[in-house]
Amino acid sequence: MQITRRFLLGGAVAGLATPAWPEPPDTSPWPEQRPASVLVARSAQASEALIDAASLGGEVGFAVINLRTGQLLESRKPALAMPPASVAKTITTLYALDQLGPGHRFATRLIATGPLAGGRIEGDLVLAGGGDATLHTDHLATMAKDLRAAGVSGIAGRFLVWGGTLPYTREIAHDQPEYVGYNPAVSGLNLNFNRVFFEWKANGAGYELSVDARSEKVVPRVNMARVSVVARDVPVFTHDERDGREEWTVAASALGSGGGRWLPVRHPEIYAGDVFRTLARAQGITLPEPEQVARLPGGAVLVQHESEELSAMLRDMLRYSTNIIAEAVGMSASGKRGEAASLNGSARSMGGWLAGHGITGAHFADHSGLGVESRLGAGEMAAALVRLGPTAGLRAMLRPFAMPEVGGGANPVQVAAKTGTLNFVSTLAGYASTAGGGELAFAIFTGDEARRAAAGPVEAPAGSRAWVGRARTLQQQLVARWAKIYGA
């Protein structure tokens with residue numbers, strides 16, 4: 001599946017040299033720093049000057065390692081546990097590839113619990129999720145078409161939905177605003193990243209409102225989620241759940257003349273069933289309202305949709321930083337280990353897996369980095385890049401990170417990295433190829449957790465964007481300096 005920017009709203013680079021660590025070290029998760037020299041001391045002083053000039057407050061930790069030798073070149077508070085933000089997705093990528101394999105696919109099935117007679121299933125029809133976080137409306141439309149091609153026009157029993165492949169999680173992170181689309185529920189049956197599209201347009205008497213499950217080809221209406229406009233200023237949104245339906249209200253003062261945004265879904269199985277029922281009706285298949293079940297009934301598979309291979313899915317996840325994909329593949333990996341009773345439990349399992357590779361000290365609250373409770377040191381992150389990244393082919397999956405021009409032309413330093421951003425948190429971890437032929441792995445963690453906590457659960461608190469901009473400039477400056485000093 002090709003995930004487009006319209007759907008998300010949201011180049012290959014050189015391969016890695018083999019690291020110098022064939023086995024995990026017995027003690028420190030990162031190697032000893034190189035002996036002090038005048039050059040190194042001056043680089044460290046220059047780094048401190050850049051940090052002071054950035055005026056970020058809070059904390060800054062980093063580590064840069066020679067990828068070929070495994071030697072720690074320079075560090076600052078490498079063991080300081082900080083929120084990794086979306087840089088955590090690189091660990092999730094390594095974890096999922098190791099546990100599931102790059103060719104793994106997730107299957108979504110339509111199962112009949114009884115025989116087909118005269119176009120009718122003499123039993124129930126089950127829409128069964130397989131943990132695919134990339135399932136979208138066009139896929140369901142194709143499944144409905146295939147179901148009709150199999151001779152089905154109706155059912156005698158119930159229309160059931162099941163998502164028990166993965167443990168249900170109402171939201172990824174509790175400290176995010178209720179209405180942000182990047183913090184949805186997660187289950188084994190997910191659709192459109194578990195979001196609905198709310199659209200509004202002013203008319204003379206008020207607003208025309210719609211809630212749909214739009215994809216590239218079809219735009220079916222959603223019945224299980226509704227939005228109403230209320231004459232108020234704050235809060236902008238409220239959310240309530242009643243009998244499997246989701247009721248939103250929105251402040252009239254926030255709407256303007258028209259627009260749209262994605263809202264999260266808290267009942268993903270019912271959502272997917274609701275949309276499939278509409279799509280099936282368009283194919284001449286009559287289904288009752290969906291009913292969620294805790295256990296998967298047995299039966300015959302009539303239609304099956306398979307996701308793209310895990311490696312391609314993870315590449316898109318890293319490119320677009322899609323939280324729900326990280327959570328679904330992370331919990332699937334923990335399920336393979338028999339350790340996925342909950343999202344938090346799965347995240348702890350990932351930390352245990354990382355510790356099994358000699359990289360200790362990490363604490364994960366989730367697989368996406370959206371929760372601020374996750375903690376990781378820059379030294380641990382850089383060690384994972386060196387220790388585990390080359391075998392997994394991680395560098396080729398990371399996006400190019402823009403470096404400032406030099407003398408009006410392209411910067412000779414080529415960087416592939418993963419960024420991470422939360423309010424007053426900015427992180428960067430990846431690989432750099434220097435003009436002198438050097439290969440570096442690095443991690444830079446910055447965060448002002450006091451300011452983040454004071455801001456509360458809002459999308460863009462005052463000063464946050466400017467803070468992140470200064471952090472990003474600092475990251476570019478540090479990488480450029482390391483490339484110059486250690487790039488031979």
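Reader: Where does Pro-235 lie?

Author: Pro-235 lies in the loop between strand 11 (225-230) and strand 12 (237-242). The model is a predicted one.

Reader: What makes the peptide bond from Val-234 to Pro-235 worth noting, and what is its omega?

Author: Omega is near -5 degrees, and the bond from Val-234 to Pro-235 is cis. In general, most peptide bonds are trans.

Reader: Which value of phi sets Lys-77 apart as a residue other than glycine?

Author: Phi of Lys-77 is near 50 degrees, which is positive. Most residues other than glycine have a negative phi. Lys-77 is placed in the loop between strand 2 (72-76) and helix 3.

Reader: Why does Lys-77 count as partly exposed?

Author: The relative accessibility of Lys-77 is 39%. Buried requires under 20% and exposed over 50%, with partly exposed in between; Lys-77 therefore counts as partly exposed.

Reader: Why is helix 3 called roughly antiparallel to helix 6?

Author: The axes of helix 3 (residues 88-100) and helix 6 (residues 310-320) cross at roughly 175 degrees and come within 11 Å. Angles over 145 degrees count as roughly antiparallel, so helix 3 is roughly antiparallel to helix 6. Helix 3 contributes Lys-89, Thr-90, Thr-93, Ala-96, Leu-97 and Leu-100 to the contact, and helix 6 contributes Leu-310, Ser-311, Leu-314, Met-317 and Leu-318. By class, the residues of this contact are seven nonpolar, three polar and one charged.

Reader: Why are helix 7 and helix 8 called roughly perpendicular?

Author: Their axes, for helix 7 (residues 323-336) and helix 8 (residues 343-355), come within 9 Å and cross at roughly 70 degrees. The range of 65 to 115 degrees counts as roughly perpendicular, and helix 7 and helix 8 are therefore roughly perpendicular to each other. Their crossing is left-handed. On helix 7 the contact is made by Glu-327, Gly-330, Met-331 and Ser-334, and on helix 8 by Leu-343, Ser-346 and Ser-349. Of the residues in the contact of helix 7 with helix 8, two are nonpolar, four polar and one charged.

Reader: How do you know that the span of helix 5 agrees with its 15 residues?

Author: At 1.5 Å a residue, the 15 residues of helix 5 (residues 268-282) should span 21 Å, and the end C-alpha atoms are 22 Å apart, which agrees. Helix 5 is followed by Gly-284, with a positive phi near 85 degrees.

Reader: What makes helix 5 mostly covered?

Author: Twelve of the 15 residues of helix 5 are buried, among them Ile-270, Tyr-271, Val-275 and Phe-276. The buried residues pack against strand 3 (107-112), strand 6 (125-128), helix 4 (137-149), strand 8 (159-162), strand 9 (195-203) and strand 15 (290-292).

Reader: Why does Pro-268 count as buried?

Author: Pro-268 is found in helix 5. Its relative accessibility is 0%, and the cut-off is under 20%, so Pro-268 counts as buried. Leaving aside residues up to four places away in sequence, Pro-268 touches Tyr-168, Ala-185, Ser-187, Leu-189 and Asn-194. Pro-268 and Asn-194 are 74 residues apart in sequence, yet 6.0 Å apart in space, C-alpha to C-alpha.

Note on methods: Residues numbered from 1 in each chain as written. Predicted model: local features only at pLDDT ≥ 70, side-chain atom pairs only at ≥ 80, totals over all residues. Heavy atoms only, no water. Axes fitted to C-alpha atoms, helices over the stretch in contact; angles between N-to-C directions. Helix = DSSP H or I, 4+ residues; strand = E, 2+ residues; numbered from the N terminus. Parallel < 35°, antiparallel > 145°, perpendicular 65-115°, else oblique. Left-handed = near helix turned anticlockwise from the far one by under 90°. Contact = heavy atoms within 4.5 Å. Nonpolar A, V, L, I, M, F, W, Y, C, P; charged D, E, K, R; others polar. Expected span 1.5 Å × (residues − 1). Buried < 20%, exposed > 50% of the residue type's maximum accessible area, 1.4 Å probe, protein only.
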